[in-house]
Amino acid sequence: MNALGGIMRGGAGGRALFLRRNGPIIMVYAFILLLVVIGATQSERFLTERNLANVARQSAFLGIVALGQMLVILTAGIDLSVGSLVKVSILVSAIVMNGESANVVPAILAALALGVLVGLIHGFLINELRIAPFIVTLASLVILKGIGLTISSSPVGKASREVMMFYVQKVGPLPVIALMFFVLVILTMLLLRYTVFGKHLVAVGGNVEVAHLSGVPVKRTRYGVYVICSLTAAVTGLLWLSRMGVGDPAIGDGIELQTITAVIIGGTSLFGGRASVLGTLGGVLLLGITANLLVMLGVSQFIQGLIQGVIIVAAVALYKQEGD
Amino acid sequence: MSKPILEMRGISKSFAGVQALKNVSFRCQAGLVYGLVGENGAGKSTLMKILAGVYKADAGDIIYKGMPRLSASTGEIIASGISIIYQELALVPQMSVAENIFLGREPRTSMGLLDLGRLYARSDELLSRLGVALDTRSLVSQLTIAQQQLVEIAKALSQDADLIVMDEPSAILAGSELDQLFDIIAALKAQGVTIIYISHRLEEVFRIADEVTVLKDGEVVDSRPIGQLNRHTLVRLMVGRSLDEIFPQTDHEQGDLALIADDIATDTILDGVSLRLHAGEILGIAGMVGSGRTELARALFGADPLTRGEVRLAGATPQWKTPSQAIRAGVALVPEDRKSQGLFTALSVRINVTIPILSRLSRLGIVRRQTEEQVVEDARQRLSIVMTSPEQETQYLSGGNQQKVVLAKWLETAPAVIILDEPTRGVDVGAKFEIYKLMRQLNDRGIAIIMISSELPEVIGMSDRILVMNDGRVAGELLRENADEERIIELATLGGAEAQSA
């Protein structure tokens, strides 16, 4: 009986609800702690400021896109194109910048415009032609990758000196790029908790028909979220330019799956309507620390992939138990 | 009196300290139909889930065909001949009728391969036992809900069920479909099958039950042969309130014109409907399912685009093409299907109540959280919504409380016009009364209401005027004074031609 179900769940106290909602997050952070302990005991270099700064910076590269991906997944969508977009973004910005300080702003604007354009196209195809997000962004993954490799199959363009310096800049011990990610994490939290747009994302993912009948501007919300997600990819392309110094066409591949992995590990539902920023942050850190640790311990790249796969299955299997 | 086929004695069950069932006893004779009625939360479903082996009772005995069955598993219960048909049908849409009936128990050849010949032959045989013509090869996804329910019944028969529990089967049916269900129940009864029929709708219980058991707050209030009951006494047993109070009357004045629709049509069934709605009035919309009632509601609200005609508020030009524009103009729609259209079931009460008015609760796109919390708290008090916290997911509320959440959401938009599509479907008598009372209060505040309902007593009891729809058009308009069930049914089935002569 519904009413009893309510009493049962409610009666078991807020604690049960808290655990059900936050179980995944708690587990992710417990796992991170475990990795840190392993790292600290197994390698002298792991807990050094230099290495932690590295981990933070690398996590930011994945994390910024993961935030965009999480928002899309929150609306019961998905964006498979982010990796390819990072690739096109680094190539276009490197070519526009061409090593000149004067071209930094045009290069940044070009990358951002690219992100907005791709996001709008995704929104259009999903909203107006009613094509499933998976299909739309799968096509876009292939197309953007093709565009990227058509632009150049070898490194092109060049970052300006300031842009290259940006990668190593720090505020105290913290790399600026990591700080940037941290600020975006906070902003995303505020977005979901306090803004109308954030609530509309939840509503569209919760039940699109109910949202429509409740007056939620479903189309506008979708346009918005796909533009935001593409922007995170465009920005990440710029960060990669800062790191590589050139437009390297090898950059970007696989980012879509890594971000989806981080989001899922963080307990966000692939069916939409529920997302956790802290969980996604945890997922990103977990992947970042695992990769870092495996390199330190001299484990091969291929084994790394295998371990990531195991983490995904283990995480999702654990949540399932928790949920029931 | 012969020996009962089923006897449940002194069943008690509590969940997390809440007593759901107290010393409940219930017995069935073979081949009779038992009505099990009571409000939401009365314990009907819990009792049946204990019978099914889904829950274990804390105390009591279950004897079925002379065997103790209290600690049997769900599989053993099904094997012993008890089948339960839940409201949410459990069929695989992409599979055929026959495949669904024998899902998991497919007949096999001696080679171990699927015996398709026998599969279809036995399915045909089962459906003919029900007196139903249905192609056992068609996919379940192509069937109507009513036909899907028949497949569930056939599935129960395929398991040699001699006791079938139907949990609110009528909630998803209407009109002729219901008659067909009753015919089937009668046929099953004639074959010696015992039926336990759970329902909110008392008319149905009177039509088919031989004996009625009333549960209230986890206890059996009374158990009587149907002959010793009338509607009046049954309602009083269920809610402790008399029938006269069910439809609260007020002597309100009909106000000015509020909403005007002229010759509206959509590319669904709707084909040229005009109506006038006044402030403080309840306009009832009756008609068969599929007559365009729901489509009318959606068209008035801007949820489906109009292909001709126009809808506007009286004295104003603003038109709306989308629900969000309609909401801003002061129109609200409480949709028919709460779970798929009215409520975010997996989300909190808070977001459910505030979603249409977020822009009002926010400045520069930022929601003022305190105001938001105040709104939810006000709604909880005003509509006496029972919930553990604003963060509770609405799927864990009872049907009545879910409906109150949907109503609360729309009242927050301060509408001038509210369209209610089946406002009391799936809610118990007590909550129904509260919803009726609320509608009257809204009337008194000058709000105009359009109420679509399949329940004729409700339409007649609540409406000031009644529009009867048939085939996408208005077949006739009746004033409350000269409306009765026969007249409405006549219009709904025959269409408008005869309406003019009356």
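These legends describe close-up views of a predicted model.

**View 1. The contact between chain B and chain A.**
Chain B brings 50 residues to the contact, and chain A brings 31 residues. The two chains bury about 3200 Å² between them. Carbon and sulfur atoms hold 63% of that area. On the chain B side, Phe344(B), Arg369(B) and Tyr396(B) lose the most area to chain A. Together these three residues give 19% of what that side buries. The size of an interface is often given as the accessible area lost when the parts come together.

**View 2. The second largest pocket.**
The second largest pocket has a volume of about 830 Å³. Its lining counts 29 residues. Closest to the pocket centre are Gln58(A), Trp240(A), Arg243(A), Gln258(A) and Ala291(A). Five helices of chain A each supply at least two lining residues: α3 (49–74), α11 (218–244), α12 (255–265), α13 (277–296) and α14 (301–323). By type, the lining divides into 11 nonpolar, 14 polar and four charged residues. Rolling a probe the size of a water molecule over the atoms shows where empty space is left.

**View 3. Helix α12 of chain A.**
Helix α12(A) is mostly covered, with nine of its 11 residues buried. Just after the helix comes Gly267(A), with a positive phi of about 90 degrees. α12 (255–265) also supplies at least two residues of the lining of the second largest pocket.

**View 4. Asn352(B) and the residues around it.**
Asn352(B) sits in helix α12 of chain B, which spans residues 349–354. Asn352(B) counts as buried because its relative accessibility is 1%, under the 20% limit. Leaving out residues up to four places away in sequence, Asn352(B) touches Leu343(B), Phe344(B), Leu347(B), Thr394(B), Val405(B) and Lys409(B). One of these, Phe344(B), is also among the chain B residues that lose the most area to chain A.

**View 5. Ile419(B) in strand β18.**
Strand β18 of chain B covers residues 417–421 and holds Ile419(B). Ile419(B) is buried, with a relative accessible area of 0%. Its contacts, not counting residues up to four places away in sequence, include Ala297(B), Leu300(B) and Phe301(B). Ile419(B) also touches Val331(B), Ala332(B), Leu333(B), Val334(B) and Ile450(B). From Ile419(B) to Ser324(B) is 95 residues in sequence and 15 Å in space, C-alpha to C-alpha.

**View 6. Two loop residues of chain B with positive phi.**
Asp160(B) is not a glycine, yet its phi is positive, near 55 degrees. Asp160(B) is found in the loop between α5 (145–158) and β7 (163–167) of chain B. At 61% relative accessibility, over the 50% limit, Asp160(B) therefore counts as exposed. Ser384(B) also has a positive phi, about 40 degrees, although it is not a glycine. The loop that holds Ser384(B) runs between α13 (369–382) and α14 (399–411) of chain B. Ser384(B) is partly exposed, with a relative accessible area of 38%.

Cys229(A) counts as buried because its relative accessibility is 0%. Cys28(B) is buried too, at 1% relative accessibility. A disulfide is a covalent bond between the sulfur atoms of two cysteines.

Note on methods:
Residues are numbered from 1 along each chain as its sequence is written. Chains are lettered from A and ligands numbered from 1 in the order in which they are written. This is a predicted model: local features need pLDDT of at least 70, side-chain atom pairs count only at pLDDT 80 or more; totals for chains, interfaces and linings use all residues. Side-chain values use heavy atoms; hydrogens and water are left out. Buried means under 20% relative accessible area, exposed over 50%, partly exposed in between (1.4 Å probe, protein chains only). On a 1 Å grid over the protein atoms alone, a cavity is a set of points where a 1.4 Å probe fits but cannot get out, and a pocket is an open set with protein on both sides within 12 Å along at least five of seven lines; lining residues have an atom within 4 Å of a point. Grid points are joined across faces, edges and corners, and a volume is the space filled by probe spheres set on the points. Helices (H or I, at least four residues) and strands (E, at least two) are DSSP runs, numbered from the N terminus. Ala, Val, Leu, Ile, Met, Phe, Trp, Tyr, Cys and Pro count as nonpolar, Asp, Glu, Lys and Arg as charged, and the others, Gly among them, as polar. Contact means heavy atoms within 4.5 Å. Buried area is the accessible area (1.4 Å probe) that two parts lose on being put together, summed over both.
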